[in-house]
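This report describes one protein chain, from its overall make-up down to single residues. The sequence and the structure come first.

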Amino acid sequence: MEKITSLAKRRGFVFQSSEIYGGQGGAWDYGPLGIELKNRIAGAWWKEMTRLCDDIVGLDAAILMHPRTWEASGHVENFTDPLVDCKKCKSRFREDQIPEESLAARKCPDCGGELTDTRKFNLMFKSHIGAAEDSANVIYLRPETAQGIFVNYKNVIQSNRMKIPFGIAQIGKAFRNEIVTKNFIFRTCEFEQMEMQFFVKPGSDEQWFDEWRRRRWAYYEKMGVKMDSLRWHRHGADELAHYAKDAYDIQYLFPMGWRELEGVHNRTDYDLKRHTEYSGKDMQYIDQDAGSERYIPYIIETSAGLTRTLLMILCDAYDEEKVADKGNDDDWRTVLRFHPSLAPITVAVLPLMKKDGLAELARDIRGELQEDFATDYDQGGAIGRRYRRQDEAGTPFCVTVDYQTKEDGTVTLRFRDSMEQERIPRAELAARLRQEIKAYKRGR
Ligand code: GAP
C-alpha cells in the first residue's frame, strides 16, 4: 500500500487533502490523472447500468435531504459504531476492531491503558441549515446515496413511465464520520458511491437478488480485474444491516487483506414502507397490467464505492516487472496495467527528437487523435524514460514519431503490457486503437 500511495502522489492520482496545513484526515484530493481515472470508472459503471440496461434510468439527487428522511431510513437510530477511548493515550477505537483479549481485559491494544465504557456514535455528519443553530434546523450530509433514489421512485415512474421491474442508478458523494480512516482512500469520511436500486414485485426478490449478484460479478470480469482477487462474502445474522433480508459483499484482496468492495443487498420493502409511514405519502406501485394490483415493491440494491473502486483498480493494475539485467534501477519498471477503457491517458504521442520537424509532426498526430481519445504529448528526455513514465501512468499505447514517419507516414505503436512495437501507417492509427481497446485482454 505504501508503494501505491507514493506512486499515486508522485504521478498526480491522489493528494492528501489540505496538505499545506498538515492534511485533513478522512479526505483526499484527486489530481490530474486521478480525476481522469475516477471519471472513467464512473463512466464505465454508468454505461453498464443505464445504457446497457433497458430497464434502468439515472438520477442525481441532492446531498442535503429533509431530515425526516434519515429518521425514516433508520440512520438516526441505527447508523452507529460502538466507540471506546483509551483513558491513558486517548486513542479512539471501534469496539468491534479491538483484539478479543484486549477487549475482554478492557485494556488499550496500543498502550495497555484502561478503556472507557462503550458508547454508540452516530456516523452522520450533522449541521444546521439557515441562520439559526437550533434543533429545528438540523441537516445531515447524506451517508448513502440510496435514499435520494427511494424518495424519487414515484417521480421517476410517473415522469418516465417505468414499469416494475426497473432500476434507478445514481453516482454521488456520501459522508460518514468514520472513527478509523486508514489504508489510504479505502475508508474515508468523504467518498463517492455508485448505487443502483432495482424495484421488483415481492416474491420475485430472491430471483432478482441472484440475478444482480451474477451481473455484478460478470462486470468485474469485463473490466479485466484479476478474478482470483475477488470473492463473495455472505453477511451473517450479526452483520446484516437493519434493512436487509440477505446481503453479499464482493470482497477484493487489497494489500491489507480481503475487504468489502461492493454490496448486493435485498432491502425488502423496508425503505418504501418507512417512507410511507414518515411522509404520509402512498408509496405503493399500481400495476396497470395486472388489474391495478397494488403493492410496495421490494428493492435489490447494488452499492459500490467509487473511490474504493479506484483504489482497487490501482492495486489491481500495479505491477513491477524486470525488463533488463544491467544491475541498476533501470532493470525494473513500474507499470499500471489498467484496462485501456479505464486508463487516464489512452495514447501518448512522442517525437523521437524535438528537432527536424518531428515535434510538429507529433503534435499534428496528437491533434488528430485528441477528439476521440485521451491523449498526452511528451517530448522531454530519452525515449526509454518517456516510455517508463507512461508505463507508470498506465498509458496502454504510445505512438512514436521518427524520421521514417516523415518519409513514409508510418509511426511506431508501442504496447504497454508486452512492450512490443509495431510499425503502422499513421492513417490507420485511430481505427487500430479502437480495435485494440475493444479486444483488450490482460497480458497483451
Ligand atoms: N446503500 C447501502 C450502503 O451504503 P454500505 O455497505 O454501507 O452500503 C456501500 O456501503 C459501499 O460504499 C461499500 O461497499 C464501499 O465500497 C463504499 N463505502 C462505504 N463506506 C465508505 C467509506 N467510509 N469510505 C469509502 N467507501 C465507502
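## Charges

In what follows, Lys and Arg count as positive and Asp and Glu as negative, while His and the chain ends are not counted. The place of a charge is taken as NZ of Lys, CZ of Arg, CG of Asp or CD of Glu. On that basis the chain has 67 positive and 72 negative side chains, and the centres of the two sets lie 2 Å apart.

## Basis of the model

This is a predicted model, in which local features need pLDDT of at least 70 and side-chain atom pairs count only at pLDDT 80 or more, whereas totals for chains, interfaces and linings use all residues. Residues are numbered from 1 along each chain as its sequence is written, and side-chain values use heavy atoms, with hydrogens and water left out.

## Overall make-up

The chain contains 14 helices and 23 strands. Both are DSSP runs numbered from the N terminus, with at least four residues (H or I) for a helix and at least two (E) for a strand. Along the principal axes, the C-alpha atoms fill a box of roughly 75 × 65 × 45 Å.

Of the 444 residues in the chain, 50% are buried. Buried means under 20% relative accessible area, exposed means over 50%, and partly exposed lies in between (1.4 Å probe, protein chains only). The accessible surface comes to about 21300 Å², and carbon and sulfur atoms hold 47% of this surface. Such areas come from the Shrake-Rupley method with a 1.4 Å probe; for residues, only the protein chains shown count as cover. A contact means heavy atoms within 4.5 Å. Among contacts with a separation of 6 or more, 64% are between residues 24 or more positions apart.

Rolling a probe the size of a water molecule over the atoms shows where empty space is left. The search uses a 1 Å grid over the protein atoms alone: a cavity is a set of points where a 1.4 Å probe fits but cannot get out, and a pocket is an open set with protein on both sides within 12 Å along at least five of seven lines. Lining residues have an atom within 4 Å of a point. Grid points are joined across faces, edges and corners, and a volume is the space filled by probe spheres set on the points.

The largest pocket has a volume of about 1500 Å³. It is lined by 46 residues, of which Arg-94, Arg-176, Arg-187, His-235 and Glu-260 are the closest to its centre. Elements that supply two or more lining residues include β4 (80-85), β10 (190-200), β13 (257-268) and α10. The largest share, seven residues, comes from β13.

## Backbone details

Ile-164 and Pro-165 are joined by a cis peptide bond, with omega about 5°. Pro-165 is in the loop between α7 (153-160) and β9 (166-175). Arg-161 is also placed in the loop between α7 and β9. Although not a glycine, Arg-161 has a positive phi, near 50°; Arg-161 is exposed, with a relative accessible area of 74%.

Lys-90 is another non-glycine residue with a positive phi, about 70°. This lysine lies in the loop between β4 and β5 (92-94) and is exposed at 63% relative accessibility.

Asn-39 lies in helix α2 and is partly exposed, with a relative accessible area of 44%. Leu-310 is 271 residues from Asn-39 along the chain, yet their C-alpha atoms are separated by 9.9 Å.

Phe-397 is found in strand β21 (residues 397-401), and Phe-397 counts as buried because its relative accessibility is 3%. Beyond four places in sequence, Phe-397 touches residues including Pro-340, Val-347, Leu-413, Phe-415 and Ile-437. Thr-412, in strand β22 (residues 410-415), is buried at 9% relative accessibility. With neighbours within four places in sequence left aside, the contacts of Thr-412 include Cys-398, Thr-400, Gln-421 and Arg-423.
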